[in-house]
Every structure is written in structure tokens, then in C-alpha cells.
Amino acid sequence: MRRLNPSSLGPNRASNGEPSPLFASRSPLRNLSVLIESDLLEGLKTSTVTPDLILAGLLTDPLVSFYRYADDGPPSDMQAREYGTWAKAYEGWATVEPPEPVMGMRQVTYADADTVASTGIVGDIVEFARDDIRGDVYGELGPKDAGLRREADALAAQVAASIGADIFITNREFLHQGHAAYTRDITVVRPSSALPLVSLYLRAQGRFITFRSPDGRGTFTLNRGSFYWVAARELLPSAWRWFGACVKESGANGDETLIYLGQSVLQRVQRALVARDGVHCLVNRPQNNDIADDILSGLDNIFVLLMGALDAAARVAHTVLKLPLSKGKLRNIGWQNSQWLSLVRGKEPSLADVVADNSPGQHVVTVLRMLRNSVHGEALQPLAVQDSGQRTATLLRLPRTDMAELLAACDALGGRSTWGVEERIPGRMHADPFVLLEQLFPRVIDLLESLIALTPVERLPHVGSSDLPSGPPNDESGFGPFSENNRKSIRWQLGF
């Protein structure tokens with residue numbers, strides 16, 4: 001599974017490290033506004049189904065307003081369109097005029113099929129960029145040409161900000177340096193990171209699109225439940241065989257325990273994906289106490305759901321391996337229980353090895369378990385981060401109970417900074433909720449997939465390996481929910 005780039009769905013990071021809200025002034029009734037480099041837009045329109053093609057289609061959704069931009073303006077053979085008797089502009093473009101001689105303001109005009117609008121850029125920030133050599137961007141061009149390139153990049157960013165763009169899709173390296181002066185009011189992303197963001201906004205508005213043609217003439221959608229159900233099945237490919245065995249065994253022996261346990265694993269992953277989207281939307285909104293509470297509630301929900309999925313998978317393994325109950329209690333079944341794992345090792349060593357002592361799997365279980373256990377005691381607490389008196393981010397304080405064990409597991413999985421964990425206040429550890437989530441979620445999915453794949457369901461009395469599905473049902477039409485293109489599109493849109 002491709003790891004999610006934290007910049008794909010999280011808030012834009014300014015040079016001071018604080019997030020800039022993606023949907024800062026976003027009303028649910030107002031379109032997402034996107035500015036995209038003209039040459040990049042044409043490059044998105046591929047002949048096969050790729051993330052670029054899916055993005056090109058989503059940009060034409062009625063809930064998205066997008067405009068092209070180029071340093072040299074529209075193509076020379078494109079004619080400006082008249083909007084009534086008072087304005088001319090290039091449909092689908094944002095254009096900028098040279099600075100006027102007295103005040104130095106640059107007029108910016110942008111238009112769609114129905115309307116045209118005009119705004120302006122004032123100040124000397126564009127000229128300032130010419131001499132901004134931080135990071136030595138474009139050094140290979142020489143001082144003069146590098147300065148001109150930085151100036152052009154800063155101008156493009158100011159155009160994006162002046163038209164109220166939420167997202168600027170560009171490969172301009174200077175803007176990806178994170179200098180807040182140029183990108184404070186916009187989220188700058190590369191094409192590879194734009195798809196999850198645009199899709200997240202549309203999903204937040206109830207639009208679950210699997211494919212939309214770049215000309216906007218054809219759209220294929222699913223309802224919310226189907227979209228995330230396909231996602232759960234796609235992220236756990238071994239579950240086709242595994243759950244198929246649960247269904248067959250339950251049907252044969254008249255005991256529905258296995259089918260409900262297997263279904264619970266998949267449903268909890270499905271619901272965790274829904275909750276993950278909710279947290280992503282919240283971290284991309286202007287922060288306040290209510291938003292902070294909702295973020296922490298969403299994380300609590302995700303931790304419980306993911307731990308529940310692991311626990312249900314353990315109970316399936318317990319049944320498959322015909323293990324005895326420790327002290328007659330179901331609650332002693334779990335990948336974190338050393339006594340139960342010793343029983344697993346006796347029947348299926350490769351399965352126990354996935355979560356053996358000091359293994360990555362054990363560390364993932366430890367992080368998830370410690371965070372989930374906060375619902376039994378000390379709740380996660382928010383920390384407001386401010387810049388110039390304005391609240392810019394919400395961090396979460398990690399629970400003090402078993403803190404050493406939690407931090408040790410994070411250290412073993414790439415280090416605390418990888419998990420967004422830092423000591424902002426002496427003696428207290430805080431984490432960026434987005435970074436923490438996007439480190440944990442894919443790792444839990446990978447772990448769950450490994451455990452499911454290694455559970456020997458063929459040993460069930462009424463199951464034979466030849467009878468089990470190895471993947472989704474065949475879909476010759478290509479239009480079913482589990483078609484290959486649908487599954488790939490949903491995976492890409494979710495950032496996996």
C-alpha cells in the first residue's frame with residue numbers, strides 16, 4: 001500500500017510550520033475554487049484511468065470552480081469573450097495585467113461561462129520575491145533568471161490568492177518551499193497531491209464520484225456506504241478469501257458467529273474511513289474550541305473502531321485455530337495478549353510472528369491500544385496553537401498513563417517527529433492530530449491485512465481452499481461497484 005503523503009489531505013504548512021486552513025472561508029453552499037497551471041491541466045487528460053484523469057474529471061464537477069493560469073496568459077489564438085457590453089475576459093482563465101504606472105496595482109480578471117470578475121494585486125511582495133534567495137531555488141539558472149522565475153512564481157501565487165482560490169495546483173518549486181509570505185491564503189499542491197484534496201471536499205458535500213469525464217459529460221457515482229465499503233474491501237484484499245471462508249463455515253454449521261465477526265472487521269474499517277474523512281475536514285477548517293472537541297471525538301471514534309477490527313480478527317483466528325479460552329473469557333483473546341499469542345504460536349507460528357515481541361506489528365498494536373485506552377481513563381486534551389494572536393492549529397495532549405510505552409513504540413516506528421509528537425510544554429507530550437492519524441491508520445490497515453492473510457481459514461471443517469474467492473467478483477461490464485477502475489479510483493481519492 002502506498003503511504004499517504006501527509007501533505008495530500010492535511011492543512012497547508014507555512015514556513016513557520018503552522019497549518020493554513022484549506023477551506024478557510026468555505027461555506028457548504030460555496031464552490032471549491034481551484035487555480036491550475038494550464039499545461040498541467042492538459043497533462044491530466046490521459047488515455048487510461050490514472051489519478052491524473054480522475055482529478056481532471058473532478059475539477060469539472062458543478063461544486064468546483066477552476067481556472068487556468070499561465071505566465072504568458074491564454075494561447076495567442078484564443079479570443080477574449082465579451083460579457084455584456086462592459087467586460088471582456090478569457091473564459092476559464094485567470095489573467096493578470098502589468099502594474100499600472102501610478103499606484104502599481106495589477107488588475108486580475110477571471111471568468112467562467114456565466115460571470116466575469118475583476119480584482120487586483122497591490123504591494124511589492126512580487127518584487128520582493130525576486131531577491132528572496134532562501135533555499136537557493138532555481139540556482140542552476142543563474143542569479144538573474146532565477147530572480148525572474150521567483151518573481152513569476154510569487155505573482156502566480158498572488159493571482160491565486162486574489163481570486164480566492166482554495167487550492168493552487170502547480171509544480172513551481174519556489175512556492176513549495178513553504179514561505180508563508182507568498183502562500184499564506186492558499187494551499188499549494190502538486191498534481192499528485194491534489195486529487196485527495198479535491199475529492200475530500202466533494203465527499204464532504206455528499207458527492208461520491210468514481211469517475212467523471214474531463215469534459216463533464218459523464219459521471220459515475222456511488223452512495224456513501226457503497227463508496228467506503230468498496231474502499232474497505234480494496235484495502236484488505238485478503239479479506240475476500242478470509243471472509244468467504246467465514247460465510248461458508250457459518251452457512252454449513254448453522255452458527256452465525258464467524259460471519260458476524262468477519263463482517264464486523266470490514267464494517268469497522270468502513271466506518272473508520274468515514275470518521276477519518278471527518279477528521280480531515282475538521283483539521284482543514286479555521287480552528288476553535290468546538291472544532292478541537294470534534295477532532296478529538298473523531299479520533300476517539302477511529303481508535304475504538306480500528307482496535308475493534310483487530311479484536312474481531314483475533315476472534316476469527318481463535319475459532320479457526322480451535323484455541324481454548326484463557327480463564328474462559330473472550331476478552332483475553334487479542335493480539336496484545338502474550339498468553340493468547342503463545343497459543344497461536346503453537347498452532348500457526350507465522351501468524352504469531354506478525355505481532356511478536358519488538359516487531360513492527362507489535363509496536364503498531366501498542367500505539368493504537370494506548371490511544372484507544374484513553375477512552376477508559378484520561379481523555380485526550382486539546383492544545384490551541386496561536387500565531388500573532390490567531391488560532392492556527394489544534395494539537396492533542398497524549399495520555400500520561402503508559403506514556404513511556406507509547407513513546408517507545410513511536411520511536412521504534414520512525415521516531416516521534418515522524419508521528420508529529422513533540423514536547424511543546426515541559427513534561428507534556430503533544431501530537432499533530434493529522435500527522436498522528438496518517439501514521440497510524442495505514443499501518444493498522446497493513447497489519448490487519450497481514451493478519452487476515454495468514455489466518456489459515458482453509459482449516460475450518462466445511463471450507464476448502466479451492467472453494468474460496470481470491471478477489472472481487474468478475475465484472476466484465478466494468479461498471480459494477482467492484483470493477484478494477486472503481487477500486488483504483490476510490491483508493492487514489494482516499495490518498496492510499
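Analyst: Happy to. One term before we start: a helix axis here is a line fitted to C-alpha atoms over the stretch in contact, and the angle between two axes runs from 0 to 180 degrees between N-to-C directions. Also keep in mind that this is a predicted model.

User: Good to know. At what angle do α14 and α15 pack, and how far apart are their axes?
Analyst: The angle is about 145°, and the axes are 9 Å apart. The crossing of α14 past α15 is left-handed.

User: Which residues make that contact?
Analyst: From α14 there are H363, T366, V367, R369, M370 and L371, and from α15 there are E405, L406, A409, C410 and A412. Sorted by class, that contact has seven nonpolar, two polar and two charged residues.

User: Let's stay with α14. How many residues does it have, and what does it reach from end to end?
Analyst: Helix α14 covers residues 360-372, which is 13 residues. From first C-alpha to last it reaches 18 Å, close to the 18 Å expected at 1.5 Å a residue.

User: Why would you call it largely enclosed by the rest of the structure?
Analyst: Because eleven of its 13 residues are buried. Buried here means under 20% relative accessible area. The buried residues of α14 include G361, V364, V365 and L368.

User: What do those buried residues pack against?
Analyst: They pack against α11, α15 (403-412) and α16 (433-454).

User: You mentioned α11. How does it cross α10?
Analyst: Helix α10 (residues 257-283) and helix α11 (residues 289-320) have axes that come within 8 Å and cross at roughly 160°. The two are therefore roughly antiparallel to each other, and their crossing is left-handed. The residues of this contact divide into 19 nonpolar, six polar and five charged.

User: And what about α10 with α9, how do those two cross?
Analyst: The axes of α9 (residues 239-253) and α10 come within 7 Å, crossing at roughly 150°. So α9 and α10 are also roughly antiparallel to each other. Their crossing is left-handed. On the α9 side the contact includes W242, F243 and C246, and on the α10 side it includes L258, I259 and L266. By class, this contact of α9 with α10 has nine nonpolar, four polar and one charged residues.

User: Switching topics: how many residues of α7 are buried?
Analyst: Twelve of its 14 residues are buried, so α7 is largely enclosed by the rest of the structure. Among the buried ones are P191, L195, L200 and Y201.

User: What span should α7 have?
Analyst: At 1.5 Å a residue, helix α7 (residues 191-204) should span 20 Å, and its end C-alpha atoms are 20 Å apart, which agrees. Just after α7 you'll find G206, which takes a positive phi of about 85°.

User: Which residues have a positive phi although they are not glycine?
Analyst: Y138 has one of about 65°, and D402 has one of about 60°.

User: Where do they lie?
Analyst: Y138 is in the loop between α4 (125-130) and α5 (143-162). D402 is in the loop between β15 (390-397) and α15.

User: Buried or exposed, how does each one come out?
Analyst: Y138 is buried, with a relative accessible area of 9%. D402 is partly exposed, at 41%.

Notes: Residues are numbered from 1 along each chain as its sequence is written. This is a predicted model: local features need pLDDT of at least 70, side-chain atom pairs count only at pLDDT 80 or more; totals for chains, interfaces and linings use all residues. Side-chain values use heavy atoms; hydrogens and water are left out. Helices (H or I, at least four residues) and strands (E, at least two) are DSSP runs, numbered from the N terminus. Angles under 35 degrees count as roughly parallel, over 145 as roughly antiparallel, 65 to 115 as roughly perpendicular and the rest as oblique. A crossing is left-handed if the near helix is turned anticlockwise from the far one by less than a right angle, and right-handed if clockwise. Ala, Val, Leu, Ile, Met, Phe, Trp, Tyr, Cys and Pro count as nonpolar, Asp, Glu, Lys and Arg as charged, and the others, Gly among them, as polar. The expected span of a helix is 1.5 Å times one less than its number of residues. Buried means under 20% relative accessible area, exposed over 50%, partly exposed in between (1.4 Å probe, protein chains only). Contact means heavy atoms within 4.5 Å.
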